[in-house]
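Please look through the model below before reading the notes.

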Amino acid sequence: MQGDAGGLVPRYAYESDQVLARAARETGAHIAASYLLVESDEILLMDAEVGLPAQIVKPWSRVRLTAGVPVAAAVRRRQLVWVPSPEELAWRFPGTALALPYPFAAAAAPIMTDSHVWGSLVLIWPASHPYELAPAERESIERACGELSELLRQAAESEDPPRPGDGPRVLDPARDRPENPDHGSAAGYLDRLREGCVAVDLEGSITFVSATAADQLGGDVTGLLGKPLWEAASWLQDAVFEDRCRAAVVSQEPTSCVARRPDGSEMDIKLYPDPTGISLRLTPALADHLARGHPHHPGPGGMAKADAYYNFLHMAAALTRALNVREIVELVADHVMPVFKVQAMAILIAEGRRMKIVGSHGYDSEVLDRFDGLPLTSHTPAEEVLRTREPAFFADWDELRQAHPEAVQHDEMAAWAFLPLTVSDEIIGTFVLAFGQPHTFTAEERSSLTALAGLTAQALDRALLYDTKDRLAHSLQETLLPNSLPDFADLEVAARYVPANRGVGIGGDFYDLIRLNDTSAAAVIGDVQGHNMTAAALMGQVRTAIHAHAVAGANPGEVLKHTNRLLIDVDTDLFTSCLLIHFDLQLRTLCVASAGHLPPLLRPPNMPAEIIDVPAGLLLGVDPDADYPTLEAPFPPGAVLALYTDGLVETPEIDLDVAIGDLASHLTHASSEPMHAICDLLVNHAPHTGRRADDIALLLIEHRPASG
């Protein structure tokens, strides 16, 4: 064991490491790790491990209990999780499959007593492991989990309970093997070969190097021993070579790649792993290596394998930001279809016992119409995948007809992949990829496409949930705003509300026009801080309070004062700006008060629009003793008043005073337009109209006496 116990009880550390090592040895697993559940049972921290180099350990040393990985799923379900193949890993845990795109089998089991879960144990085998766990392997796993849980229980009852250190303890993976008494003659044999031979441990340090390999690496045997391989030969600091090293360690299968040396020549590197490290054979690459499909060079799809993989990574990262189905379809069309030469795609979800197409690319509408709305009982490949949860690949039409004799071809495609869309072990639909030419799917393609479907399913689930929440939020917001404004004989009114773009959230902008009596009215506009359901709900309270106090006969300053006290009483963390105006249509005057809101604009008849400099009181909800002074101004026939929220004028690149001045200028030049047309004109001239980060509310009021 390397390192110290990191703060753990020494006896527990020693005995638990023995249990972990024995579990790996008895089951034949080349990688094993134990995790402890910490931080209010929300985080799994790796406690000890065997067979993993540090570069792989780091991203897996801390796992959230909600993560889609086997070690967390075992704790959540309190049962053994067995993943026998890369394909099953891809559709059940797509994030793990993408992060570790190597062939292996894995088992994770909870470390628990009857009443408490302490952590989790994970074991990894080469992909050649039989599809089912053997009874002896299950017994070893159960015995190890039982012993670890008992050790943890005893340690927890001691005066110094278990506490993970800064990193997991690293156990020595060396297997029992006899020493070779004729090692010197073996070294001589290797030195005579024209290919270089290098051995490294799991951390990449050189443990053996032949004379030929030393020359190839640019050093001597004595100087290279003990050095990290990447330090000894900087030209091996290559993403593809590092990926092949990880693949060898995780899968325990031989692999290879081509690396370019500083002089431009290329080296063909073959990697042979075992649980203690990797043996490498270095051979100058031949001119015909391009035909061998090395990761640096084009594979069957026409794109370099490494380029395809990193393009796939970019697509996976972009999927996490997709807000709707259209964005998901565009991402797949841009980042996946060209890589795998896919001609068309469709996303089908189960809804109301029918298959509904929610997104597609490359298919004609006639083809989509034939399949959209098919009952779940229809015998189609898409329905079968939905029922069995297993992906289906058909290299040509004959293969598809053999599996589904009743199938009728409605498109011009020649090969298909039907993939399950699974979220948290629940299948929500089928992902269809179609190819224009017959296509034989390799094992690597099957795993990659299945993992893609899993990531797409998670993004789709978020997008559909977002769509539902977005519709509910904006329905609430529209309900809180007035359906219509009251008619006044002497006033012409127009209003607009424009929500912020998707992803910003529901806003708190509001407006209203209130009838006080036959000759007077009140107009209000305001903005509750924030973009969430709380802001919308508070907006409804503010609007109701202002309406009630205004109708009761209070002047604008008193109305704002009463509403401010209401917000103080409800103890909200959100503040509100508000502008309230009373109109006396007989005296042709207005009285206005402001709670930190933007100033209104008044366009007198046949004159430029001007800013009404209203004394600004504090925002509502700040100070219970705040006062709101009022200002009276003439409101002659023909005058137009504009009330607006900051979404109409605010932008980081433009000074606010300049933006308000531009708005006044637009209001002036639109003097001959009808009121609704003026509304549209002012909204369309708002900065960032195409991508709004804030709501817009606009209320226009013109004094137009019925007598003319």
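1. In which strand is the place of Thr 576? Thr 576 belongs to strand β21, residues 576-584; strands are DSSP runs (E, at least two residues) numbered from the N terminus. This is a predicted model, in which local features need pLDDT of at least 70, side-chain atom pairs count only at pLDDT 80 or more, and totals for chains, interfaces and linings use all residues. Residues are numbered from 1 along each chain as its sequence is written, and side-chain values use heavy atoms, with hydrogens and water left out.

2. Thr 576 is buried, with a relative accessible area of 0% (buried means under 20%, with a 1.4 Å probe and protein chains only). Leaving aside residues up to four places away in sequence, Thr 576 touches several residues, among them Phe 510, Asp 527 and Leu 620 (contact means heavy atoms within 4.5 Å).

3. The structure holds seven aromatic pairs (rings of Phe, Tyr and Trp, the last by its six-membered ring, with centres within 6.5 Å; planes under 30 degrees apart are stacked, over 60 edge-to-face, the rest tilted). Trp 82 and Trp 125 are edge-to-face, because their centres are 5.7 Å apart and their planes at 80 degrees. Trp 82 is in strand β4 and Trp 125 in strand β6, so the pair ties together parts 43 residues apart in sequence.

4. The mean pLDDT of the chain is 83 (the predictor's confidence in each residue, from 0 to 100). Over residues 1-9 the pLDDT is below 50, and over residues 287-307 the pLDDT is also below 50. Where pLDDT is low, the predicted coordinates should not be read in detail.

Definitions and conventions:
Helix = DSSP H or I, 4+ residues; strand = E, 2+ residues; numbered from the N terminus. Buried < 20%, exposed > 50% of the residue type's maximum accessible area, 1.4 Å probe, protein only.
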